[in-house]
Amino acid sequence: MDEHALFYRSSLLSRTLVAQQKDQDCPYPLTARIHGSSSLYAGSVSKAASLHWTGERVVSVLLLAMGPAAYYFPGPAVDYSLAAALTLHGHWGIGQVLTDYVHGEPKIKMVNAGLFLLSTVTFAGLCYFNYNDVGICKAVALLWSK
Amino acid sequence: MALLLRTFTRQGTCLFRPQFGILCRHAVPMGTTANEEMNTFWAKNNKLNRPMSPHLTIYKWSMPMMMSITHRGTGVGLSGGISAFALLALVLPGNYPYYLDLIHSLSVGPALLSLAKFGIAFPVSYHTLNGIRHLFWDSGKGFKIPEVYRSGYVVIVLSILTSIAAIAYM
């Protein structure tokens with residue numbers, strides 16, 4: 001058997017090559033791609049998912065800090081920060097729930113659009129409440145006073 | 001020769017560089033993302049109308065499982081509550097103290113009042129404390145099974161205690 005035939009047989013065994021294409025440049029095996037930017041790898045994988053994960057943790061920690069902040073320094077600064085952090089944390093949280101349970105491209109797009117609308121209205125409502133009413137910190141204080 | 005090529009391919013070495021073009025000119029690695037693969041899976045199985053294998057109904061429930069779904073449940077509940085509050089703020093006439101007095105005028109009694117406060121305080125404290133537990137996991141700590149159970153019990157006990165404290169002392 002010539003070299004080409006041998007190569008194709010071993011490539012089938014390795015299961016890293018699926019499609020056949022002319023003039024392909026630098027096709028790296030899937031394993032290299034999974035392990036990210038190694039010195040062998042010249043292409044790039046989007047860091048969006050990784051950054052999203054980090055963003056989620058950052059917002060979680062910020063929200064955690066806003067608990068004592070709201071208790072010791074109630075006021076508009078904490079009110080609006082709380083509105084933003086709560087809305088974003090909830091938006092991303094519900095987003096994860098939807099990703100887990102909703103499947104199929106059109107359904108995913110639909111529910112995510114609905115979630116975006118809900119989060120927008122939520123943030124608007126909280127800001128409205130902060131501006132025109134007593135504000136989040138005061139509201140919690142009043143609720144608990146009785 | 002085949003053995004040599006198989007070894008190189010598995011290690012993913014420079015066999016695929018352009019200088020080896022004679023060997024790999026007509027080959028391309030798998031280009032599907034995890035997302036695409038998931039969508040293909042669901043599209044195929046839905047199209048074939050396949051039933052889902054029993055999972056939640058047959059697997060023995062464990063404490064970590066229950067705590068995890070409770071974390072999700074409290075999260076969804078709290079988020080829904082906040083959204084409902086925001087919507088009402090936009091839609092209802094009158095201000096917050098007015099509606100608070102309205103609720104107080106119903107004079108529900110101390111027992112029901114405490115129950116309602118617990119109904120708000122417990123989800124907040126549980127979700128917060130379990131959230132901290134999650135952040136520890138995210139930093140790589142506490143994955144050993146005994147640790148998982150221990151931290152779980154701590155979260156449950158502290159959640160109940162802080163909720164009771166919030167009702168009793170605030």
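Modeller: First, a term: residues are in contact when heavy atoms lie within 4.5 Å. The model is predicted: local features need pLDDT of at least 70, side-chain atom pairs count only at pLDDT 80 or more, and totals for chains, interfaces and linings use all residues. Residues are numbered from 1 along each chain as written, chains are lettered from A and ligands numbered from 1 in written order, and side-chain values use heavy atoms, without hydrogens or water.

Biologist: What is Tyr101(A) in contact with, leaving aside neighbours within four places in sequence?

Modeller: Ile69(B) and Arg72(B). Tyr101(A) itself sits in helix 4 of chain A. Helices here are DSSP runs of H or I with at least four residues, strands are E runs of at least two, and numbering starts at the N terminus.

Biologist: Is Tyr101(A) buried or exposed?

Modeller: Exposed, at 52% relative accessible area.

Biologist: Which UniProt annotation covers Tyr101(A)?

Modeller: "Binding site", from an unreviewed entry. The UniProt record puts that annotation on His89(A) too. Positions follow the numbering used here, feature names are shortened, and annotations may be inferred rather than shown by experiment.

Biologist: OK, His89(A). What does it touch, not counting residues up to four places away in sequence?

Modeller: Val59(A), Ser60(A), Leu63(A) and, in the other chain, His127(B). His89(A) lies in helix 4 of chain A, residues 76-101. It is partly exposed, at 27%.

Biologist: Back to Tyr101(A). Which residues make the nonpolar surface patch with it?

Modeller: Leu56(B), Trp61(B), Met66(B) and Ile69(B). The patch comes to about 530 Å². Patch members have over 30% relative accessible area and no salt bridge; nonpolar side chains (Val, Leu, Ile, Met, Phe, Trp, Tyr) are joined within 5 Å, like charges within 9 Å. Areas come from Shrake-Rupley with a 1.4 Å probe, and for residues only the protein chains shown count as cover.

Biologist: Where is Trp61(B)?

Modeller: In the loop between helix 3 (34-47) and helix 4 (63-91) of chain B. Trp61(B) is partly exposed, at 40% relative accessibility.

Biologist: Charges next. How many salt bridges over all chains?

Modeller: 4. The rule is a side-chain nitrogen of Lys or Arg within 4 Å of a carboxyl oxygen of Asp or Glu. Side chains of opposite charge can pair when their charged atoms come close.

Biologist: What does Asp100(A) form a salt bridge with?

Modeller: Arg72(B), with the closest N and O atoms 2.6 Å apart. Asp100(A) is in helix 4 of chain A and Arg72(B) in helix 4 of chain B, so this pair joins two chains. Asp100(A) is partly exposed at 39%, and Arg72(B) is partly exposed at 22%.

Biologist: Which residues are linked in a network of salt bridges?

Modeller: Glu56(A), Arg57(A) and Asp138(B). Glu56(A) meets Arg57(A) at 3.0 Å, N to O. Arg57(A) also bridges to Asp138(B), closest N and O atoms 2.7 Å apart. Glu56(A) is buried at 9%. Arg57(A) is partly exposed at 23%, as is Asp138(B) at 29%.

Biologist: New topic. How many aromatic pairs over all chains?

Modeller: 9. Among them, Tyr71(A) and Tyr72(A) have ring centres 5.1 Å apart and planes at 85°, so that pair is edge-to-face. Rings of Phe, Tyr and Trp (its six-membered ring) pair with centres within 6.5 Å; planes under 30 degrees apart are stacked, over 60 edge-to-face, the rest tilted. Tyr71(A) is exposed at 57%, and Tyr72(A) is exposed at 60%.

Biologist: And how far apart are the ring centres of Phe85(B) and Tyr96(B)?

Modeller: 6.2 Å, with planes at 75°, so edge-to-face. Phe85(B) is in helix 4 of chain B and Tyr96(B) in helix 5 (residues 96-105), so the pair ties together parts 11 residues apart in sequence. Phe85(B) is partly exposed at 29%, whereas Tyr96(B) is buried at 13%.

Biologist: Last one: what does the secondary structure of chain B come to?

Modeller: 7 helices and 1 strand, in the order α-α-β-α-α-α-α-α from the N terminus. Of its 170 residues, 25% are buried. Chain B exposes about 11,400 Å², and carbon and sulfur atoms supply 71% of that.

Methods
Buried means under 20% relative accessible area, exposed over 50%, partly exposed in between (1.4 Å probe, protein chains only).
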